[in-house]
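Please read the following account with the model open beside it.

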Amino acid sequence: VETVPPAVDLVLGASACCLACVFTNPLEVVKTRLQLQGELQARGTYPQPYRGFMASVPAVARADGLWGLQKGLAAGLLYQGLMNGVRFYCYSLACQAGLTQQPGGTVVAGAVAGALGAFVGSPAYLIKTQLQAQTVAGMAVGHQHNHQTVLGALETIWRQQGLLGLWQGVGGAVPRVMVGSAAQLATFTSAKAWVQKQQWLPEDSWLVALAGGMISSIAVVVAMTPFDVVSTRLYNQPVDRAGRGQLYGGLTDCMVKIWRQEGPLALYKGLGPAYLRLGPHTILSMLFWDELRKLAGRAQHQGT
């Protein structure tokens, strides 16, 4: 196993996830729209401009143009860089300290690293969600914030709600990423080890990381989607002058309201694109990270 310093892991983790983000951002746009569709309305009582993943992609392209499928990309890249840089750095520190060798250490380290990353990246995710929800009136779902750019959104939120306004919705983001990060890092490591043990593939092959990522992505999506729906709702809801949410009081309130008013299955809204987004994103991120670590490890050995 290649050992690289935590600072190198910060750069590698951030770079890997930003590369993956460019490919998966259109899926994120569709997922956001599906998760906001029919907000706090009983099933069958609202119009559905977005009907599943396959129909939603052309629907977004018709409403916003082809480039509309990359809405929020700049904010998404900023989020991936901040969140995953911190996450991989902290996880690498935990590995270096031997914490991941303890029983349950991998899961705890993954969850804590994810929570710290989510907190740091939260303003970028807030803006990404609000930008991706914006569209023409006939196709609009959820509250429309009418931002023009990432910087314009930052300025508007700062001016209206102050610094704390940039962390609106962080209460949903931290558990979301804690659950996803713990599932991803724990299952990727063990899945990759299991694939290597089977000796189906050459030990140093990138296909080992690919297979590990594919197994890992299933666990991540099942565990993470309810928190993902709640997080999208908390980030996109309108707020009053004091910065308080006008629809939800927080994570638990949001989850209860969705369950009661939309039904329990609503917590898995956008599951298709969530898997299609998180699946490739998990696979690509872990594959890029694994391969970049190998390269960095080799470079380090050659330099010593």
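The paragraphs below begin with the basis of the values and then go through the structure part by part.

This is a predicted model, in which local features need pLDDT of at least 70 and side-chain atom pairs count only at pLDDT 80 or more, while totals for chains, interfaces and linings use all residues. Residues are numbered from 1 along each chain as its sequence is written, and side-chain values use heavy atoms, with hydrogens and water left out.

From helix 7 the contact (heavy atoms within 4.5 Å) draws on Pro-226, Phe-227, Val-229, Val-230, Arg-233 and Leu-234, and from helix 8 on Leu-251, Cys-254, Met-255, Ile-258 and Glu-262. Nine of these contact residues are nonpolar, none is polar and two are charged.

Which residues of the largest nonpolar core touch the most other members? A nonpolar core is a set of buried Ala, Val, Leu, Ile, Met, Phe, Trp, Tyr and Cys residues joined through side-chain atoms within 4.5 Å, and buried means under 20% relative accessible area, with exposed over 50% and partly exposed in between (1.4 Å probe, protein chains only). Among the 19 residues of this core, those that touch the most other members are Tyr-79, Ile-127, Val-150, Ile-157, Val-174, Val-177 and Tyr-235. The elements that give two or more residues to this core are helix 3 (73-96), helix 4, helix 5 and helix 6 (170-198), and helix 4 supplies the largest share, seven residues. Ile-157, when its neighbours within four places in sequence are left aside, is in contact with Leu-126, Ile-127, Gln-130, His-147, Gly-162, Gly-165 and Leu-166.

Tyr-125 belongs to helix 4, and this residue counts as buried because its relative accessibility is 2%. Residues up to four places away in sequence not being counted, Tyr-125 touches Glu-28, Lys-31, Tyr-79, Arg-176, Asp-228 and Tyr-235. With Glu-28 there is also a polar contact of 3.2 Å between the side chains, a polar contact being a pair of N or O atoms within 3.5 Å; within protein, one must be able to donate a hydrogen and the other to accept it, and residues adjacent in sequence count only if both atoms are side-chain atoms.

The loop between helix 4 (105-133) and helix 5 (150-161) holds Gln-144, which is buried at a relative accessible area of 19%. The side chain of Gln-144 reaches the backbone oxygen of Ala-133 at 3.1 Å, and a polar atom of that side chain lies 3.2 Å from the backbone oxygen of Val-141. Beyond its neighbours within four places in sequence, Gln-144 is in contact with Ala-133, Gln-134 and Thr-135. Asn-146 lies in the loop between helix 4 and helix 5, but counts as exposed, at 56% relative accessibility.

Most residues other than glycine have a negative phi. Asn-146 has a positive phi, near 60 degrees, and Leu-40, which is not a glycine either, has a positive phi of about 55 degrees. Leu-40 is placed in the loop between helix 1 (6-36) and helix 2 (52-64).

Between helix 3 and helix 4, the loop includes Thr-100, which counts as buried at 12% relative accessibility. Leaving aside neighbours within four places in sequence, Thr-100 is in contact with Tyr-91, Ala-94, Cys-95, Gly-105, Thr-106 and Ala-109.

Conventions. Helices (H or I, at least four residues) and strands (E, at least two) are DSSP runs, numbered from the N terminus. Ala, Val, Leu, Ile, Met, Phe, Trp, Tyr, Cys and Pro count as nonpolar, Asp, Glu, Lys and Arg as charged, and the others, Gly among them, as polar.
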